[in-house]
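Load the model in a viewer and keep the selection tool at hand.

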Amino acid sequence: MEDVQMIHLKINNLPVSVPKGTKILQAAQSIGIDIPHLCFHPDQRAKARCRICSVEVVGNRRLLAACSTEVWEGMEVFTDSQIVRDTQVGILQLIMADHDKNCLTCARNHRCELQELCARFNIQIPNVPDVTKDRKAENTNPSIVRNPAKCIKCGRCVRVCKDTQGIEALTYASRSDDLIVTTPYNLSMEKTDCTLCGQCSLVCPTGAIVEKDDTQVVLNALQDPNTHVIVQVAPAVRVALGDAFGYESGAIVTGQMVTALKMLGFDRVFDTNFSADLTIMEEGSELLHRIQNGGVMPMLTSCSPGWINFIEKHYPQLLPHLSTAKSPMSMFGAISKTYYAKQAGVPVKNIFTVAIMPCTAKKFEAARPEMGRDGMRDVDAVLTTREFIKLIRYVGLSFKDLPESEFDSPLGTGSGAGAIFGATGGVMEAALRTVYEKVTGKEAQPLEFHDVRGFAGVKEATYDLGVRKVKVAVCHTLLNARKMMDRLEKGECDYDFIEIMACPGGCIGGGGQPYDTTNEVRKKRIEALYEIDKGLPYRKSHENPDIITLYKDFLGEPLSDTSHHLLHTDYHQVHKLYEFE
Amino acid sequence: MGNEATFITKNFGKYDPMSIDSYLSIGGYSALKRAISMDGEDIASKIAEAKVKGRGGAAYDMGRKWSQSRGIKAPHKVVICNADEGETCTFKDREIITHDPFNLIEAITICGYTVNAQDAYIYMREEYRHLRPRILNAIKQAEEKGFLGDRILGTDFSFRIHLYSGAGAYVCGEGTALIRSIEGKAGRPRMKPPFMKVSGLFALPTCVNNVESFAIVPHLLMDDKREYVSYGSGESLGTKLICLGGNVRRPGVYEIPFGTTVRDIIFDLGQGIPGGHSLRLIQFGGASGKVADSRILDTPYTYDDLKKAGVTVGSGSVLVIDDRTSVLDFLRMTQDFFSEESCGQCTPCREGNLHIKLILAKMARSEATQADIREMTKIAKIMSISSLCGLGESAQNALLSAMKVFPETFELGGEN
Ligand SMILES: Cc1cc2nc3c(=O)[nH]c(=O)nc-3n(C[C@H](O)[C@H](O)[C@H](O)COP(=O)(O)O)c2cc1C
Ligand code: SF4
Ligand code: SF4
Ligand code: SF4
Ligand code: SF4
């Protein structure tokens, strides 16, 4: 630290010292000045294309972009001179003139960065005429809706898709005032390389890319007296939800969350952590089965639907590596429509299963024909964390004031292993805790597998199971997944088991999480999940009493026929449409 | 009197542009031979002493650029010759390539030697595709004679030149868009830093110059009689290729000594305006240039004098518009050009060009209000101070200068 060179400058005549390399935007932030910005995103390289962060730097005839200009010794910056104000407001008005301004009916109403700036600059009557063009929304897949008329061409989505996910399903087309951000050949998203991971919807500052809204479907089900509506909540939701209600990032709000769901009128509030444990039982057994019977190795995890979409489209030849285990969400769905229905004495057709997920791709997963039986879906509706927040606001709950309550039984108990599913490395650690004991017959020692924790893009570790060593790898983001698959193709992966999550940080960083989910926030959520794990009475999936009962009363053994029928699936190559054109 | 000079153009018509032997017979490649006996820094100084400014439009000190490029230590560096020549009324680079391709190849090689580059790319606009064989032939013959390739003239210096045809967008003449275009990406400018000299083509340190800028160098290195610096004065030494076009009797490319008056350029070299029409305006330096009226005629064509008169040299074009075209129609034409050519990635240029186009159309329909004019001025200023690249920065030069020179065009009836 002591070697960091400090740069001394003045911003609005106030002296500031920041480390060399700092940009004007962050230097101003350090003294409490928020320079307006739209294309800038803290996890992305600066693009300097919206130009709304233009500021005056003494000695320069032109304004400089605060997001991309490094400070220099003796620099004098003005962020609030007349020329800066005129330029920033002028640029905002130019953006507004070509923008579908129907805030009242917009998915981002009240949570929109463009709207916030218009409010901040008190824009009333725009000086420039409306030049909005007729741009049709794209609404053909179950996960994501694109509203090009609300796009401000900031390029954040293009960047996250290309740089973080390595996909390039979004791109710029045309030029001048016809420039749009769209898919290749303007195809609907599911027909392109897109994996529906939703990272684009997370970084978009406006309502131009949003999840498909299913809140009304759920509200309708809740109103129907003949429908028994049950809900499961993914591990990653409880450490993110608080962000929207004034908690510090990483706050654990499980108790309030359960209360909110009960107040919303769900008949039963269950926990996806429970079925995460179930996934470990099945997936862990599958791993052992493959090891013992010379199955296709390495085995790849299968719980991240963005990842599944990715491998089906991009590496279909590697599909045999995927575990056949369904995701925790879909396993829960299947159990809810069978075991639970019988237990609760509710006719299956009356059960409506809702899943609250940090993920947009889960909506697509739930709609897959494989995820159901007899024409019935296992999961009837998937809401993202963001939609859940909307529901809480809808019914007028003061979230922070809610008392805490507990999940219902019997699908409401999860182990610590299930809890950490939401973090990159969590599935691997959960599996190791169980597999270790199954193989060695000893208590997992150590219980915590720290080598697979942390935010590194790719992690590796080797563990000695006595009879055999297992070599594992963990990666998150689809860019890292692609690199891993390329290595696998070349035969350079001598691992036994690889965990892959589509989103940065794992599900806690999913495409359906609250806005302002940055990598810094992701790290705090990961810590929170390990915190939850530490405080739980059971920390291994196979010790979860509800799981033990489920196998005793219903499934028999992991990989049993019933298990196979309900909890496993297979995967198919998906052709991208333009391959045929 | 406007007398033409023949310094940059001294080889024009003197040899067969398809034959290196013909070029050698008039003393071709003596500059490269001299260069490789010199220290690169001395070559850069020689250019700096002659105060050569880049001829692509931005008028950056060329000796300084070469010296800075030289100062960047990297195992692999590149040189780019910008032959995109996209400015309106600009066609001097075409003349150089047509009449003196070997001099250009020689100049680029000298640059490579000076800045320690291994490769050069000539980025030529698609419209000049008929000149491709000429350049490719020059490269091939130079390779055959050992003026390009490995260990040039027995030295450790190895250098290759590649020809690349652009896809036709004006913005691709901008350095960062140009390199993206060569890299096979969409030709859109990117923010700076990183600067080209540090990270340009294929993320390698890159030295970019215009065709005319290069063309000066071999002649300058052989200029023992100090002819070049005998022309012009002050910051504007030497000669300049200008592209005279529009309503003149004899349009064309002329090499003038700096200091020739605008009147001599138009009325002597260009032989005046045909058909008894009078002068409306002159645009200097292409579509991105500023305009003047007849009050500029006695101004000497130098960087400083033009600047004082409110215009710049830019690409070197001098576009003459007579009284048959109104100022407004001229501005609309220029605006159409930029509304077409903006790459659209940054807000001020993408949206600003559209709104200004709309207000100019309103003016043409006599529907514009004072408020429209105020808004137009404001947008034009925002574009010029906050756009991402030089295109948006300069797109409203014509408008903003016309507002000063022709205020009556913007005086409307009522307030509002
Ligand atoms: C929009 C735009 C278009 C340009 N087009 C050209 C061009 O066609 N030819 C050219 O030499 N320079 C062009 N330039 C200038 C180049 O960016 C660059 O400054 C020049 O090639 C450097 O060479 P010089 O120093 O020899 O002038 C353009 C700049 C901008 C902003
Ligand atoms: S994107 Fe934002 S500004 Fe645009 S309509 Fe929606 S809420 Fe309003
Ligand atoms: S959903 Fe994911 S893959 Fe699809 S466009 Fe958005 S970021 Fe790219
Ligand atoms: S869709 Fe959203 S993120 Fe993408 S360019 Fe448009 S406004 Fe920006
Ligand atoms: S100024 Fe115009 S041409 Fe340049 S980057 Fe911006 S939109 Fe593109």
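Domain bounds here come from an automatic or database domain assignment. For chain A that assignment gives domain 1 (6-94), domain 2 (129-211) and domain 3 (215-567). This is a predicted model, in which local features need pLDDT of at least 70 and side-chain atom pairs count only at pLDDT 80 or more, while totals for chains, interfaces and linings use all residues. Residues are numbered from 1 along each chain as its sequence is written, chains are lettered from A and ligands numbered from 1 in the order in which they are written, and side-chain values use heavy atoms, with hydrogens and water left out.

**Stop 1: domains 1 and 2 of chain A**

Select domain 1 and domain 2 of chain A, whose C-alpha centres lie 28 Å apart. In contact (heavy atoms within 4.5 Å) are 9 residues from domain 1 of chain A and 12 residues from domain 2 of chain A. The two domains bury about 860 Å² between them, with 45% of it on carbon and sulfur atoms; buried area is the accessible area (1.4 Å probe) that two parts lose on being put together, summed over both. Next pick A:Leu38, A:Gln44 and A:Arg49, which supply 53% of the area that domain 1 of chain A buries against domain 2 of chain A, more than any other three residues.

**Stop 2: the interface between the chains**

Show both chains. Here 31 residues of chain B are in contact with 34 residues of chain A, and the buried area is about 2,700 Å², of which carbon and sulfur atoms give 55%.

**Stop 3: domains 2 and 3 of chain B**

Chain B is divided into domain 1 (20-221), domain 2 (231-322) and domain 3 (327-410). Select domains 2 and 3 of chain B, with 23 Å between their C-alpha centres. They bury about 990 Å², and carbon and sulfur atoms give 73% of that. On the domain 2 side, B:Ala287, B:Ser288 and B:Val291 supply 44% of the area buried against domain 3 of chain B, more than any other three residues.

**Stop 4: ligand 1**

Which residues are closest to ligand 1? Of the 18 that surround it (a heavy atom within 4 Å), the closest are B:Gly56, B:Asn82, B:Asn209, B:Asn210 and B:Ser213. Draw a distance from an oxygen atom of ligand 1 to the side chain of B:Asn209, where an N or O atom is 2.8 Å away. A backbone N or O atom of B:Arg55 lies 3.2 Å from an oxygen atom of ligand 1. The protein covers 87% of the 600 Å² of accessible area (Shrake-Rupley method, 1.4 Å probe) that ligand 1 has on its own.

**Stop 5: ligand 2**

Move to ligand 2, surrounded by 14 residues, the closest being A:His99, A:Cys103, A:Cys106, A:Cys112 and A:Gly207.

**Stop 6: backbone angles**

Most residues other than glycine have a negative phi, and most peptide bonds are trans. A:Ala48 has a positive phi, near 55°. Select A:Ser409 and A:Pro410, joined by a cis peptide bond with omega about 10°. Finish at B:Pro193 and B:Pro194, also joined by a cis peptide bond, with omega about 0°.

Notes: Polar contact = N/O pair within 3.5 Å; in protein donor to acceptor, adjacent residues only side chain to side chain.
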